[in-house]
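This report describes the architecture of one protein for a reader who is new to structural analysis. The sequence and the structure are shown first, and the description follows.

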Amino acid sequence: MWVCGALCRTRAPAQLGQRLLPESRRRRPASASFSASAEPSRVRALVYEHHGDPAKVVDDSVTIFPEGDSQLFQRFPWMFPQLATAAIYLASAVLKNLELAAVGGSDVHVKMLAAPINPSDINMIQGNYGLLPQLPAVGGNEGVGQVVAVGSGVTGVKPGDWVIPANPGLGTWRTEAVFGEEELITVPSDIPLQSAATLGVNPCTAYRMLVDFERLRPGDSIIQNASNSGVGQAVIQIAAARGLRTINVLRDRPDLQKLTDRLKNLGANHVVTEEELRKPEMKSFFKDVPQPRLALNCVGGKSSTELLRHLAPGGTMVTYGGMAKQPVIASVSQLIFKDLKLRGFWLSQWKKDHSPDQFKELILTLCDLIRRGQLTAPACSEVPLQDYLCALEASTQPFVSSKQILTM
């Protein structure tokens, strides 16, 4: 069977109790509680109870590619081990009924509107992320909701406001929840829903990497791999708004021309495949295009090596992902004679190093770009929460450039 079989064999719901309440609710004593509603209600949430052992999650009848797709496997063998791993671990996510906590004095009752499925969400379910919530946990690190009610001590938000998570691990794949006020950031409701739902992770990462590592001026070039990712699409648009030229690297794929056209419509100056980047003809390409001073790496392995090879002397490569699950390799000569710098970026760490007000300022800056039409959401497919299996499967398919967004 195809990997959908792995996703469809889910376990029966279990009672989860207080363990799935937000941490801020668990540690608050009952005597401090103020309820804005007389009766506790129940909500639907996508929950994972374990990170899992592949042998215990699915049986050995699951195949990694459907019958008749062996040519696709032969052409792109690197994709299928990742696809199998994601499908295996995502099989532990189950839609369950949870009890909605009472609204305390500093709490906010939020009805979730939309929440995307990001690579970091999958990494959390796999247990391969730098920040892991206590299990069982509600999936989802990003999304937008609307405030329904607030506690007596809440001053920063009001019913009707749109809010997004201030930090990862909040659990956004649910119909509604009660959060602490400090766990939320208000966003304007005059921006598109998909933009609001995908605002807090990828565009923030793109903006900070473009601003924090090199002093780039209009006309300068940057180079990036995984250019069709959520971060990659945001990089293209934010760079164009700042007058920067982008060299965008893609893996070879069946719909390459269609994807190339879409990225150029977003503002990409140049789109090349990894195979083209390795060819000697790229030397003549860089006679007409300034060598990039900044490289953004989300892949690792040979792809990151090629980015380094084309960086200008003194340039910086920032790694923010490792899709190939292979190490970044830099030659001694690149470090000594070209003085290249290797850096890493993790938005969660940036938030720890900066104040909540600085993060709010970043969000408002991005909202201004959205209003001016200079930043749009990545290509998205909206999927009702009850059809989460289809969304999870689609998020692990090879060459799918459409982000899956769960709607509530």
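Axes are lines fitted to C-alpha atoms, for helices over the stretch in contact, and angles run from 0 to 180 degrees between N-to-C directions. Helices (H or I, at least four residues) and strands (E, at least two) are DSSP runs, numbered from the N terminus.

Some conventions apply throughout. Residues are numbered from 1 along each chain as its sequence is written, and side-chain values use heavy atoms, with hydrogens and water left out. As the model is predicted, local features need pLDDT of at least 70 and side-chain atom pairs count only at pLDDT 80 or more, while totals for chains, interfaces and linings use all residues.

## The parallel sheet

Two strands count as paired if DSSP finds at least two bridges between them. Strand β13 (residues 316-319) is joined to β14 in the parallel sense over four bridges, and M317 stands opposite L342 in β14.

## The antiparallel strands

Strands of a sheet pair through backbone hydrogen bonds, either parallel or antiparallel. A second open sheet has three strands in the order β2-β1-β4, and its pairing is antiparallel. Strands β2 (93-99) and β4 (137-138) stand at the edges with a single partner strand each, so one side of each has no neighbour in the sheet. Between β1 (residues 42-48) and β2 there are seven bridges in the antiparallel sense, and V43 stands opposite L98 in β2. Helix α17 (residues 388-395) lies across β1 and β2 and runs at about 140° to β2.

Further antiparallel pairing involves strand β6 (residues 162-165). Two bridges join β6 to strand β5 (residues 144-150), with Q146 opposite W162. Four bridges join β6 to strand β8 (residues 184-187), where I185 is the bridge partner of I164. Both faces of β6 are covered: W162 and I164 on one side, and V163 and P165 on the other, are all buried. Here buried means under 20% relative accessible area (exposed is over 50%, partly exposed in between; 1.4 Å probe, protein chains only).

## Enclosed helices and helix packing

Which residues of helix α8 are buried? They are N202, P203, C204, T205, A206, Y207, R208, M209 and L210. Since nine of the eleven residues of α8 (residues 202-212) are buried, this helix is largely enclosed by the rest of the structure. Helix α6 (residues 119-126) is also largely enclosed, because six of its eight residues are buried; these are S120, D121, I122, M124, I125 and Q126. Just after α6, G127 takes a positive phi of about 85°.

Two packed helices are described by the angle between their axes and the distance between the axes. Two such pairs are listed below.

| Helix pair | Angle between axes | Axis distance |
|---|---|---|
| α8 and α16 (residues 356-371) | roughly 100° | within 10 Å |
| α9 (residues 230-241) and α10 (residues 256-266) | about 40° | 8 Å |

The angle makes α8 roughly perpendicular to α16. Angles of 65 to 115 degrees count as roughly perpendicular, under 35 as roughly parallel, over 145 as roughly antiparallel, and the rest as oblique. Their contact (heavy atoms within 4.5 Å) is made by P203, C204, Y207 and R208 of α8 and F359, L362, I363, T365 and L366 of α16. By class, it has seven nonpolar, one polar and one charged residues. Ala, Val, Leu, Ile, Met, Phe, Trp, Tyr, Cys and Pro count as nonpolar, Asp, Glu, Lys and Arg as charged, and the others, Gly among them, as polar.

Helices α9 and α10 are therefore oblique to each other. In this pair, Q233, I236 and Q237 of α9 meet R262, L263 and L266 of α10. These residues divide into three nonpolar, two polar and one charged.

## The protein as a whole

The secondary structure comprises 17 helices and 16 strands. Of the 408 residues, 53% are buried.
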